[in-house]
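I opened this notebook to record what I looked up in one structure.

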Amino acid sequence: MCVQQIRGLFNMTKKSPCSVQALFDLCKQTFTPSATSPPSSQAVHKLYSLLDKIGPEEVGLKDESLEDERGHGLFGLNVFNRVDRWAQPITYVDIHEDQNFTMCMFCFPTSAVIPLHDHPGMTVLSKVLYGSLHVKGYDWVEPACIRKSVQIGHPTDEKVLRKGNMMHYLTVRLARLAVDKVITAPHSTSVLYPKSGGNLHCFTAITPCAVLDILAPPYLEAAGRRCTYYHDYPYSSFANGDEIVGNGKEQDYAWLAVVDTPEDLYMRPGRYMGPAIQR
């Protein structure tokens, strides 16, 4: 991608440079090796109060949802090249990462998806900067309710269950739906916690959109914080006649199965073009 195209996506502005710096400083103060996890409600309140004030201009973005209804004009593509237009990736922008927290952005073209995934032991604050994003999130039912099945007939069963000529059990765990809504900017900051708020979630771009995320602590496989992807099945798929959930609330629950990292999940790095952060 050429310099002009990058600048088209990350438009440097001079507006309110202190907002991101203040957010960084507060994150550094809040997320320390000795800090409680998850952070206190007072600490989270201070963070999302700052995040609520940040718009795309404060992080060097422009609102692409106003310029290109498919979310791909910023990449300099010919409008008649439909294959290229529908194949655009999500752009990941790393603002800061250390052992205590990550600050980053995801810029989505229309219809782009980050599949269902978890945030083990993490607190995550998300702010939709522009556009509309559908968020669907689950939390694990505790104590854990786990089923194993060799049932065939689900979309991913053949791939999950059959390896060579051997049959493998599909292991699923019960989760409760925590959030299922479209968020359109401007909107208040969303917060998820290790065991609540939709710790396992997926994003689908309704329009071109961008999300500013703070993750604490960051993903680190050596510390047991590996990003795991899941497929969700309707509750009725593995009910087995012994109703754990009743009273017409079955739609609020699903069975989740671990899957490999999706092959069609394509992200490319972008350069942060907002105000410099003094570390």
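**Entry 1: the pocket**

I looked up the lining of the second largest pocket and found that its largest share, 3 residues, comes from strand E2. I note that this is a predicted model, in which local features need pLDDT of at least 70, side-chain atom pairs count only at pLDDT 80 or more, and totals for chains, interfaces and linings use all residues. Residues are numbered from 1 along each chain as its sequence is written, and side-chain values use heavy atoms, with hydrogens and water left out.

I recorded the terms next. Strands (E, at least two residues) are DSSP runs numbered from the N terminus. A pocket is an open set of points on a 1 Å grid over the protein atoms alone, where a 1.4 Å probe fits, with protein on both sides within 12 Å along at least five of seven lines; lining residues have an atom within 4 Å of a point.

The second largest pocket has a volume of about 420 Å³, the volume being the space filled by probe spheres set on the points, which are joined across faces, edges and corners. I found 19 lining residues, of which Tyr92, Phe106, Tyr219, Cys227 and Met267 lie nearest the centre of the pocket. At least two lining residues each are supplied by E1 (90-97), E2, E3 (113-117), E11 and E12 (209-216).

**Entry 2: aromatic pairs**

How many aromatic pairs does a search of the whole structure find? The search finds 8. Rings of Phe, Tyr and Trp (its six-membered ring) pair if their centres lie within 6.5 Å; planes under 30 degrees apart count as stacked, over 60 as edge-to-face and the rest as tilted.

I looked up phenylalanine 108 and phenylalanine 203, which form an edge-to-face pair at 6.3 Å centre to centre, with 70 degrees between the planes. This pair links distant parts of the chain, 95 residues apart: phenylalanine 108 is in strand E2 (residues 102-108) and phenylalanine 203 in strand E11 (residues 200-205). Phenylalanine 108 is buried (under 20% relative accessible area, with a 1.4 Å probe and protein chains only), at 3%. Phenylalanine 203 also counts as buried, at 5% relative accessibility.

I then looked up phenylalanine 238 and tryptophan 255, an edge-to-face pair at 6.3 Å centre to centre and 70 degrees between the planes. Phenylalanine 238 is buried at 1% relative accessibility, and tryptophan 255 is buried at 0%.

Definitions and conventions. Helix = DSSP H or I, 4+ residues; strand = E, 2+ residues; numbered from the N terminus. Buried < 20%, exposed > 50% of the residue type's maximum accessible area, 1.4 Å probe, protein only.
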